[in-house]
Amino acid sequence: MVKSTTKDAQDLFRSLRSAYVATPTNLKLIDMYVCFAVFTALIQVAYMALVGSFPFNSFLSGVLSCIGTAVLAVCLRIQVNKENKEFKDLAPERAFADFVLCNIVLHLIIINFLG
Amino acid sequence: MMAGSGLRFLVLILVVAICGAASVFQPISDSHRSAAVDVFVPVDGSYKSLEEAYEALKTLELLGIDKKSDLSSATCENVVKVLGSSSSTLKDAFYALSVNGILKCKTGEAVLKDIVSQLQAGVKGAKSLLDFYYSVRGLVLVKEQFSGTDLSLGDAEAIFRSIKTLSQTDGRWRYSSNNAESSTFAAGLAFETLAGVISLAPSEIDQSLIQTLKTGIQKLFDSIQKYDDGTFYFDEKSVDATQGPISTTASVIRGLTSFAASESSELNLPGDKIVGLAKFLLGVGIPGDAKDFFNQIDALACLEDNRFSVPLILSLPSTVISLTKKEPLKVKVSTVLGSKAPALSVKLAQALSSRSKDSSVINSQELKFDADSATYFLDSFPKNFDVGKYTFVFEIMLDDSANEKVYITEAQTKVPIAATGVISIENAEIAVLDSDIGSVESQKKLDLTKDGAVSLLANHLQKLRLSFQLTTPLGHVFKPHQAFFKLKHESQVEHIFLVKTSAKKSELVLDFLGLVEKLYYLSGKYEIQLTIGDSSMENSLLSNIGHIELDLPERPEKAPRPPVQSTEPYSRYGPKAEISHIFRIPEKLPAKQLSLVFLGLIVLPFIGFLIGLMRLGVNIKSFPSSAGSAIPALLFHGGIAAVLLLYVLFWWKLDLFTTLKGVSLLGVFLLFVGHRTLSQLAAASNKLKSA
């Protein structure tokens, strides 16, 4: 029984991996950007866990900057993905422009809150 | 002719209304002279500059102090050096000639010719007021000191006109045609310079020019400033001027004096303002600064001897009249530098008492003159002249003899006078009364002129009454400034009470029932002391009357304790306890190395991202190549980079509002550029799709 579970898991991983390879490059790029942002946030949380949250506003600012930009990147991925029927009529350039604008506003607030 | 000159030299009483506070101004006296020696004689025998040397020597000369012999050799050397050098500035040459006028150093003929040619060249090439001032006044000094030298000023009227261009409509002058700032100090310099031009001119200067100058002087007097005590002064308009009121006033007075001396027609200046200027300069007292001292004495010397009007000052050596000593009240009238006044008479017009301001005690009393001491005195006072404070109003009337100069005085000089006398103390008694009935338990008569040994007993249900009568020499009731009654306990605790004076007598009633808490419930022996004092009272007293045994109830628990009396009476002026402030404990920060390690760790995901990008084979092949599309694309990326840079600056230095301004500007720019780029990209991809 255990063997079949591990085999199922391995099969699952293999199928996911093969499917993922097929995704277009620009989507993979966005996925990597999201991973980068999330990892940066995790490192900041680990630092805070270690030394305490004294300038709490700075910690929040840093973490929320990473999380925020990750969320915006996910939105961008949704809008740019050609397989997504909902956003068929939306030009990917327009989505990218929205992404840039939202990031600019986010980072202004982040820098103000950073202190 | 006689009538004309009589009219000219006839001295009129210039009726001038000066209302304001009463005050006394003293002319220059020996205290000024001794202070001048301290201020102006340098310790090491030499002056720092010729300007300082001139100011010091002129002041000492005007005050009549002869200290020249010690300093003359070093200063004369300096003077000869400056006059002989061809590279000395106009300012140095001017001050060298000024010092030479006082010390009379020996200079040669050749030096004289060089200096004259240098000054004449200075006049020709003068660009600012100061250049004109130094060169023209230098030539005037050469003319005064070396007779027979040929000094031609060339076209005097042209020089007059070119100096006149610097004048302004409000009476002030500018220093040069480039500098728009006007200055009252510069006005004084301009008057002196123009006076020099008039005196050096070979022929008469056009009268219309001189008339415009006189109009300008009248305008300048309109801008004069005043204080409440009737003093007038000139000051600069701007706050950060280099010249203060003393130097500005002195400069204007010097200018007016030399202008009035240089030309033959009359210069009419408002008399009250001249007296006010004299009072201002005298009111300075003894200045501590050498420049202020020089300006004060120089200006007063100009006022002492000028052609418009010479002010006379009324002063009193003592403003206190003692009714017991019966000494006369002395009044002196002199010029500002303390010289003798011409023949005149002084009248005491009114003596207004501080108590009844409308009626005058003395009316129109003429003062007698003592020729030996040159003072006027009043030796008889009316019978109703009581002790107290008065304001004496003096009037000066100049005799109608032919005086060479025009003298001027204040119409009325108000002087505060204090009359003192012996106040008699009568019916002084102290009594202990029963509170309810008011009947006298024990009563003692007091002689307040000497210490007594009165002994009284009282308990908290009784009252203490002190009463006395103060009368002036004329029999009026006297209300003293200070009437204090002090009770001092054996433990050194003191209490002071005020004795009130009513229309008939002075009385103090202490009700011990109400005072029990104030006295801290301390029973025992209290020393009694009475103080009576006043500025009009010649026999103010402090008398120890005796002592009183007070029997007060026990102190309850909550009553305040008497303050601890320190043995040292001055210990309250010693250092106080140190205050320790409690500050917020700063938060514990992590170790620097740990923070740096995590800084490195943060960079890792970014490096991972870049490696991932490379592995993916990401490229910028679809970056537009043609110039028309490359530029907006570059600008777009540049704009985003600029926004990020602005954020970094925001974090480092700027504030939110500046950043918002910058972001909005860049945002608008980015909007246009981004729209351009992205629409081009979209068009390109559409073309690709359709193709």
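# Pairs and contacts in a predicted model

Q: How many residue pairs are in polar contact between chain B and chain A?

A: Two residue pairs are in polar contact between chain B and chain A, both at pLDDT 80 or more. Keep in mind that this is a predicted model.

Q: Which elements give two or more residues to the side of chain B that touches chain A?

A: Those are helix 15 (592-616), helix 16 (627-652) and helix 17 (656-690) of chain B. Helix 15 of chain B gives the most, with 11 residues.

Q: What makes up the side of chain B that touches chain A, by class?

A: You'll find 25 nonpolar, four polar and one charged residues there. Chain B and chain A bury about 2600 Å² between them, and 87% of that is on carbon and sulfur atoms. As for salt bridges between chain B and chain A, the count is zero.

Q: Why is the pair Arg33(B) and Asp30(B) called a salt bridge?

A: The cut-off is 4 Å between a side-chain nitrogen of Lys or Arg and a carboxyl oxygen of Asp or Glu. In Arg33(B) and Asp30(B), the closest N and O atoms are 3.4 Å apart, so the pair passes the cut-off. In general, side chains of opposite charge can pair when their charged atoms come close.

Q: What separates Arg33(B) and Asp30(B) along helix 2 of chain B?

A: About one helical turn, because they are three residues apart in that helix (residues 30-40).

Q: Why is Asp30(B) called exposed, and Arg33(B) partly exposed?

A: Exposed means over 50% relative accessible area, and buried means under 20%. Asp30(B) has 58% relative accessibility, so Asp30(B) counts as exposed. Arg33(B) has 24%, so Arg33(B) falls in between.

Q: How do you know that Lys291(B) forms a salt bridge with Glu51(B)?

A: Check the distance: the closest N and O atoms are 3.1 Å apart, and that is within 4 Å, so the pair qualifies. Lys291(B) lies in helix 13 (residues 290-304) and Glu51(B) in helix 3 (residues 50-62) of chain B, so the pair ties together parts that are 240 residues apart in sequence.

Q: What makes the pair Lys291(B) and Glu55(B) a salt bridge?

A: The N to O distance for Lys291(B) and Glu55(B) is 2.6 Å, so this pair also comes in within 4 Å. Lys291(B) in helix 13 and Glu55(B) in helix 3 of chain B are 236 residues apart.

Q: Is Glu55(B) buried or exposed?

A: Buried: the relative accessible area of Glu55(B) is 8%, and the cut-off for buried is under 20%.

Technical notes: Residues numbered from 1 in each chain as written. Chains lettered and ligands numbered in written order. Predicted model: local features only at pLDDT ≥ 70, side-chain atom pairs only at ≥ 80, totals over all residues. Heavy atoms only, no water. Buried area = accessible area lost by both parts, 1.4 Å probe. Polar contact = N/O pair within 3.5 Å; in protein donor to acceptor, adjacent residues only side chain to side chain. Helix = DSSP H or I, 4+ residues; strand = E, 2+ residues; numbered from the N terminus. Nonpolar A, V, L, I, M, F, W, Y, C, P; charged D, E, K, R; others polar. Buried < 20%, exposed > 50% of the residue type's maximum accessible area, 1.4 Å probe, protein only.
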